[in-house]
Amino acid sequence: MVRDAKVLAALIRSRYREGASLAVVARELGVSKSTVRRHVPVRERRDAAAAARQRHRSRAQTPYERALRAQVVRLYGSGMSQQRVAATLGISVEAVVARLEPEQRRSRQEAARLAVERQGDLLPQDEIITQYVEGVTMAEVGRLYGVHPTTIRRRIPDDLIRPRGPAPQPRPRRQQRTLVEEEVRRRYAAGESAYALAREFGVSPHTIRTRIPDTDWRTPTPGEASVPSPRSSRPRPEGVRMALVLSDGEILARYRAGQSATAIGRAAGVDCRTILRRIPEHERRGHLQAQRLNRPAPDVDADTIRTLRARGLTWEAIGAEVGLSVKTVRARA
């Protein structure tokens, strides 16, 4: 009996060291788990985590577990999701994940792409093309089948894709009549305006004006818009100047008195460049000279403003006294 006890203890320790769990050893030898636990030294007993890993390795060696793992890997590799594999084999999703190696699992992006492809494979492509050709938009077809419009777009051939937006309508071209000078002159002499003739013939009023002699041209009334007379194509004779209301001497005297070329030109009814051409080059003012000359209240400088501020005046009161705005007073201070 003692020898049998020693043999039993040796068998228990041997099977446990090989990786068998307490329950497996007890079932193989026909004893209880307490008996197995009593014959296993405390220092050799595995903790809970190590026991769980050992049970998993032991279970993986059984024919059923090998067949189940092969089925999980095959179905998952064919493109099925983890949920569909679990439903097909009748196991939980956690059991599917436990039987897949980390490098075998798909990323979220790849899983989403496969899900879209699987959903798209179930769509009736011929029916989608028929609805689109009949005028239904991709967004409407997508809402009908519960997918994104991009998924519908991939099912439609490129040569059937309609351009986005409403179809452009051809703009009606304005009918232009042949411009006959005799008819233009006759109708203008009968009382029609140049603008009415321009609209009818599809040209500008200036073109109508060139067909009418100066002797037949009517002077517009103050309420009517005038059509400018066409400029002569003949070049102006060299040396001939435009007649001015002011003489060159008067222009120079006003300019020396401090008036600007713009002010003198406004008084003479000409452009400021015409005035500058009448002023000798050595007497023309520079930009800074003109700015100082045209500056309002040039005698009001920073010292004057500080003196007024020392007397207790506000910015508004100083501006009212010297004739400047508050912003200008602050800028000069």
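Among contacts in the protein between residues at least 6 apart in sequence, 48% join residues at least 24 apart; a contact here means heavy atoms within 4.5 Å. Welcome to this predicted model, where local features need pLDDT of at least 70, side-chain atom pairs count only at pLDDT 80 or more, and totals for chains, interfaces and linings use all residues. Residues are numbered from 1 along each chain as its sequence is written, and side-chain values use heavy atoms, leaving out hydrogens and water.

**The whole protein**

- The protein has 21 helices and 0 strands; helices (H or I, at least four residues) and strands (E, at least two) are DSSP runs numbered from the N terminus.
- Of its 333 residues, 25% count as buried, where buried means under 20% relative accessible area, exposed over 50%, and partly exposed in between, with a 1.4 Å probe and protein chains only.

- The average pLDDT is 78, and 78% of the residues score at least 70; pLDDT is the predictor's confidence in each residue, from 0 to 100.
- Where pLDDT is low, the predicted coordinates should not be read in detail.

**The nonpolar cores**

- The largest nonpolar core has 10 residues: L246, I251, L252, Y255, A261, I264, A268, V270, I275 and I279. Such a core is a set of buried Ala, Val, Leu, Ile, Met, Phe, Trp, Tyr and Cys residues joined through side-chain atoms within 4.5 Å.
- Helix 15 (248–257) and helix 16 (261–268) each supply at least two residues of this core.
- Leaving aside residues up to four places away in sequence, A261 touches Y255, C272, I275 and L276.
- A second, separate core of 9 residues includes Y188, I208, I212 and W217.

**A closer look at I279**

- I279 lies in the loop between helix 17 (272–277) and helix 18, and it counts as buried because its relative accessibility is 2%.
- Although I279 and I251 are 28 residues apart in sequence, their C-alpha atoms are 7.7 Å apart in space.
- I279 touches I251, L252, Y255 and R284, again not counting residues up to four places away in sequence.

**Helix 5**

- Helix 5 (residues 63–77) has 15 residues and reaches 21 Å from its first C-alpha to its last, close to the 21 Å expected at 1.5 Å a residue; the expected span is 1.5 Å times one less than the number of residues.
- E65, L68, V72, L75 and Y76 are the buried residues of helix 5. They sit on the same side of helix 5 because they cover an arc of only 105° around the axis, the arc being that of the directions from the helix axis to the C-beta atoms.
- P63, R74 and G77 are exposed on the other side of helix 5.
- G79, which follows helix 5, has a positive phi near 115°.

**Helix 13**

- A194, L197, A198 and F201 are buried in helix 13 (residues 194–201). Their arc around the axis is only 100°, so they lie on the same side of helix 13.
- The buried residues of helix 13 pack against helix 12 (181–189) and helix 14 (205–210).
- After helix 13 comes G202, with a positive phi near 75°.
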